[in-house]
Amino acid sequence: MTRSITENVGHVRRCVLAATALTLLAAGCTFGASSQPSYSPTFAPVDCPAEVRTSTSRETKCGYLTVPENRSEPSGRQIRLFVFRMEPDLPTEAAPVVYVGDDLGYSFDYRDTGFMADHLDGPEVIGLEARGTGYSEPNLSCPEVEGIAPQTLTKPIDDPGLRAAFVGAVKACHDRLAVQGVDLSSYGVDESGADVVDLARALGLTRWDVISKGSTSRIVLQAMRSNPAGLRSVVLSDPEFPDTDPTTQAFQGTRASVGELDDLCKEDPSCVRMFPDLTSSFDRAIRRFEERPVTVRVSGVRIRVDGARLLRDLRNLFAGLGDIPAVKHLPATIAALADAPDPTSSLRAVVAPEITAPTFCAGYLPFCSGLVSQGAYYSVLCRNIAPFASASAPEGITGDAAAWTADYAKGPYQDVCGAWDVEPADASTTTPVSSPVPVLVFNGELDPFGATDVRKEIGGFSNAFLLDLAVRSHPVAAIPPCPDDNPRNEFLAHPTHMPSAPCGENFRPTFAMSPL
Amino acid sequence: MSIDSRLREGLQRSMSAIATDPDEHLEDARRQGHRRVVIRRALTSAGVAAVVVLVAILGPAVLGALRGGQREPISSPSTLPIVGDYVVRLSPADAGGSGVPHAAGTWVLKLQGDGVLQLAPLRNGNLGGGPSQFQLTGSGFITTALAGAACPGVGSYTWFRSGSTLTFSLVTDPCPLRVAIFSSHPWRAT
């Protein structure tokens, strides 16, 4: 009896020790959770909106991915990200392709998305609408900002009243969303990158590829930092990189595009004979309207055109070169704007997109035909870009050119972050990304929003393939006659090999001698 | 052995079993009492430790569930509650008040889940314009419908949906045409 009691006490002591150890272990896990949030992203199906369902011949299903708005508070407010799944027509072994959209802040253009899906060789296409955009909830669009669009057509970019109205509208949008409980600091690329990883997790993807077009590359590159499981390859079309400063890019990218057009023109005997120095013509056109602004009517709408507007709209024209006929007429159009006695018709053609473009889109954002969720863009701008941009660089580049300074160095986007109050991201989100995952980059050399030194930017990728395409800009859809389809499909099938792109690499337009 | 002797012997064995040393038993009792205290303390400690472990492991999940219950996503499960296609008929009198008499007729409104609004007259397509934006703030509705030359600024309304009827009430809007279209009559879902 005595022995059995002693044994019991010993057993109890062991239990106490074990329980204490478990307690310490559990406490350790709990403290660790503050740096490594534990949550489970979930996916729930919903009916597809009609525009999604009808955008492709493929069977399409939709749903919402639920994730924490702020992953440092995983049990806090949850948000829902819209996802569509365009299924393969035939059974396939190909890895699914995750598509994160075109440019930051923009809703998907489902016609173009369906077109792209229909031209991929078989894989399922899984689309994720970035947080704050499209059907994702909440959508951070700012009708307040759109409301001042008509004013922007008739006033110079540095008009104090216009700028005050813009800042007021940005602030009103910020405050409305903040009152609704939206944590606007959680809509940067750091959280969006984690969304991509969570999507793969929630859907149980064991191997997957990613495609982005334009500035949503920032989201993909951020996702790559965590070496997500199963990521097989990445295709970036006309990417922005984590350290891209949009203001500096505006000078360098636009200059490089004009220079590239000049070079293409010099390869065409007729073009070089008629337009021997397009870079000078471009500068002369800007100066012409800087010195003598005019007002033109387009579809009944009056638009005041000065040098700064022409600069923005020419950049917009370069960015939107989605078809070869427009490229063909570009040298003649620039020459007409510089020197023609009456350039009105060319002027109308160049500024016309402003009528339907979102506020301060043309010349600032690469794609102005769709609807932008301004707040989603502002959060990235003010969290991931502006805090790390060099304040002095733009001034140095502009020299004494008033239009460049007014549009960019002292342009309206310099005012946004004063009204769009968000926490800056960690500086690590702007460092170059290194990864062994194969990456294919399409680089359109006419793209005024493209990186000027792509080779340097992709230096951290040990398996990167760069396709420099001379007659290509910032397309949302593929440009005939050399669409991205073939090299992209070839790469997705064999991501360790450089795809062939003889059409895109060798194609040169025959320029027209008449302006737009 | 006689019966009496056997009885005496039995009684003596019983008495020897009863007759013990009191000091020795006192010590035993003290030891047993101490052991019981040790066991009780040990069991209590083990119980407390187990509770701590359970709280540490399950607490965050429970708190998370409670918080999660309080913080639902902004919109309804599938789409915004206002999403749909609607029509309204503007009388010549309504249109005349807006300063755009030829706006009379049937207007079609499409509100999408991505915050895109499309508004166009059934016949005079020139008045419609392109897609524009709307945002909901509880019962508030703001929009840039007809933005551009036809309508400057942002229209602000309250909205109420009952069955297939959607009613907008004006808060502020600098555009008389938009005011007439949105708030003259309730809209009917199609």
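This is a short chat about two chains of a predicted model.

Colleague: Where does A:Pro123 lie?
Modeller: A:Pro123 is in a loop of chain A, between α3 (110-118) and β5 (125-128).

Colleague: Buried or exposed?
Modeller: A:Pro123 counts as buried, because 21 C-beta neighbours lie inside 10 Å.

Colleague: And what is A:Pro123 in contact with, leaving aside neighbours within four places in sequence?
Modeller: Its contacts are A:Pro88, A:Thr92, A:Ala94, A:Ala95, A:Pro96, A:Val97 and A:Leu492.

Colleague: What separates A:Pro123 and A:Val170?
Modeller: Along the chain, 47 residues. Between their C-alpha atoms, 41 Å. A:Val170 is one of the buried residues of α6(A).

Colleague: OK, on to that helix. How many residues has α6 of chain A?
Modeller: Helix α6 of chain A has 20, running over residues 160-179. From first C-alpha to last, α6 reaches 28 Å, close to the 28 Å expected at 1.5 Å a residue.

Colleague: Which residues of α6(A) are buried?
Modeller: A:Ala165, A:Phe166, A:Ala169, A:Val170, A:Cys173, A:His174 and A:Leu177.

Colleague: What covers them?
Modeller: The cover includes α4 (143-146), α5 (149-154), α15 (374-385) and α18 (413-419), which belong to chain A.

Colleague: What comes just after α6(A)?
Modeller: A:Gly181, with a positive phi of about 95°.

Colleague: Switching to chain B. How many helices and strands?
Modeller: Chain B has four helices and eight strands. Their pattern along the sequence is α-α-β-α-β-β-β-β-β-β-α-β.

Colleague: How many residues of chain B count as buried?
Modeller: 25% of its 190 residues.

Terms used. Residues are numbered from 1 along each chain as its sequence is written. Chains are lettered from A and ligands numbered from 1 in the order in which they are written. This is a predicted model: local features need pLDDT of at least 70, side-chain atom pairs count only at pLDDT 80 or more; totals for chains, interfaces and linings use all residues. Helices (H or I, at least four residues) and strands (E, at least two) are DSSP runs, numbered from the N terminus. A residue is buried if 20 or more other C-beta atoms lie within 10 Å of its own, exposed if 12 or fewer, and partly exposed in between; C-beta atoms are placed from the backbone. Two residues are in contact if their C-beta atoms, placed from the backbone, lie within 7 Å. The expected span of a helix is 1.5 Å times one less than its number of residues.
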